[in-house]
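This report goes through a single structure, taking up its backbone, its ligand site and its packing in turn. The sequence and the model come first.

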Amino acid sequence: MSDIRDLTARQAIDQIGRGALSSDEVFGAYRDASAADELNAYTWVAEAAPAGDTAAPLAGLPLAVKDLFCTEGIPSQAGSKILEGYLPPYTASVVEQLQAAGSRVVGKTNQDEFAMGSSNENSAYGPVANPWARDRVPGGSSGGSAAAVAAGLAPWALGTDTGGSIRQPAAMCGIVGLKPTYGSVSRYGMIAFASSLDQAGPFTRDVTDAALLYHHMTARDPRDSTSVGHPEPIGLPTATKLEGVRLGVPEELTGEGIEHGVLKAFHASLQLAQELGASVETFTLPHAEHALAAYYVLAPAEASSNLSRYDGVRYGLRVEGDGTLMDLYTGTREAGFGDEVKRRILIGTYALSSGYYDAYYRRAQQVRTKVAQDFAAAFQRFDAIVTPTSPTVAFRLGEKTGDPLAMYKGDICTIPASLAGLPGISIPNGMAEPPGEDGPALPTGLQLIGPAFRENRLLQYAYALEQVIGFDGSGARA
Ligand code: GLN
């Protein structure tokens, strides 16, 4: 591990500013490491440093970008065979903004196909190894971005989170992941999964870097009518105390189904929060237990509609079949989509069909409203809600691929905030041993959820906790 790649992004930018390092030296160190990637974290790596504004605030630093962000002239396949070789004619707004701020794209990262998954094993381009234990998953769906940052192949990365795909892999890889308030970042140029939930966010090694990258991401974009930007600029956090901060611990997300080691690490951090002056109180989010079921109706419903555009006519793969239009459609979709994507299209189409719409889709929307109301009530009493991020540490590759429901349950702690459009951040929360095994110990995550557009406060709390938790991520960069 070179010295350059031991620096956080903020530290590297400072050194470039002082003339101790050059932008190209930093880019080159990461590019070379990315080209030698043994984790399968990347699906594409830049051959040389691209042109960029190295005098801009982000100083020409490399940025790893989840494959589902369209990048002009660079493969953007969303982990799917149906988009194999697709070269978009334009770049996603958020990537463009970060380029304008001085970022340079070092690579595109592997992911679950169309962001559907929790382990990165649904990628058409193969699974990603967790840098802490290579026989284990990095989490998903943004597994490549999380693994790349944890392993020191990129100083930071972009991911997307629909039901947990930034927070959960961040937790499993021992890094920071921020899922912003829905609408604060443009979705233009993100290959869609479930449009009412999808949101881009940063993966970083520490909370300061998350604030810095997110600062340059927020925007009202005329090309995304659901984007509103952020009411205040995102600042770099400095808090060292949590005096007067009221933390709520939802019973429903901190009990059954959470591994013993994860819970132990969670309670240790609650203790630290109290030592910093926070009050910690248990409360109930009565509809949280139905959030997972509602999500797995709503997200597939939106996906079935979004994915109808892949017909063999416009993008990527085309299977001609017997020459009829119907055969072109069915042959392309049969060959191009993986099993999980097909499963979701089937569920979503069923839930939206006229005979079942009221029983499933409408009902799930009603649950979504109830979950949002639960949070609104909780934020009358609390400044932030804290939970473990993932109920488990990273599991073994192949361990859950045969059991979609077991895989879905990995999202119990992250999905409620997604349904409510709220910001959530996962920070490293120490290590825990997998249950029933002697080791190795693996990272766990602490999730903090805040009211909409309160990212600045959330980042302050996360920063203060990060200082006292004192996580050492070097084990993943060895
Ligand atoms: N694991 C969840 C799913 O499979 C969430 C994925 C995501 O946030 N993109 O849908």
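The model is a predicted one.

## The loop between S3 and H4

Strand S3 covers 104-109 and helix H4 covers 143-150, and the loop between them holds Ser141. Ala115 has its place in this loop between S3 and H4, and Asn120 lies in the loop between S3 and H4 as well.

The peptide bond that runs from Gly140 to Ser141 is cis, with omega near 5°. As background, most residues other than glycine have a negative phi, and most peptide bonds are trans.

## The ligand and its shell

The ligand is surrounded by 15 residues, and the closest of them are Thr162, Gly163, Ser165, Tyr295 and Arg344. Sorted by class, the shell around the ligand comprises five nonpolar, seven polar and three charged residues.

For Ser118, a polar side-chain atom lies 2.8 Å from a ligand nitrogen atom, while for Asp411 the distance from an N or O atom in the side chain to a nitrogen atom of the ligand is 2.9 Å. Taken alone, the ligand exposes 290 Å², of which the protein buries 100%.

## Nonpolar cores

Which residues touch the most other members of the largest nonpolar core? They are Phe69, Phe114, Ile427 and Leu448, in a core that has 142 residues. The element that gives the most to this core is helix H8 (residues 291-306), with 10 residues. Apart from this core lies another one, of five residues, including Val137, Met172, Phe395 and Met407.

The surroundings of Phe114 can be listed once neighbours within four places in sequence are left aside: Phe114 is then in contact with Ala78, Ser80, Ile82, Leu83, Ile191, Ala192, Phe193, Leu307, Tyr310, Phe337 and Val341.

Thr208 belongs to helix H6, which spans residues 207-215. With a relative accessibility of 10%, Thr208 counts as buried, and, when residues up to four places away in sequence are not counted, Thr208 touches Arg10, Leu236, Pro237 and Tyr463.

Leu272 is found in helix H7, residues 260-275. Because its relative accessible area is 24%, Leu272 is classed as partly exposed, a term for values between the buried limit of 20% and the exposed limit of 50%. With neighbours within four places in sequence set aside, Leu272 is in contact with Val468 and Ile469. The C-alpha atom of Leu272 is separated by 11 Å from that of Gly470, a residue 198 places apart from Leu272 along the chain.

Terms used: Residues numbered from 1 in each chain as written. Predicted model: local features only at pLDDT ≥ 70, side-chain atom pairs only at ≥ 80, totals over all residues. Heavy atoms only, no water. Helix = DSSP H or I, 4+ residues; strand = E, 2+ residues; numbered from the N terminus. Buried < 20%, exposed > 50% of the residue type's maximum accessible area, 1.4 Å probe, protein only. Contact = heavy atoms within 4.5 Å. Core = buried A, V, L, I, M, F, W, Y, C linked by side-chain atoms within 4.5 Å. Near = heavy atom within 4 Å. Polar contact = N/O pair within 3.5 Å; in protein donor to acceptor, adjacent residues only side chain to side chain. Areas by Shrake-Rupley, 256 points an atom, 1.4 Å probe, with all protein chains shown as cover. Nonpolar A, V, L, I, M, F, W, Y, C, P; charged D, E, K, R; others polar.
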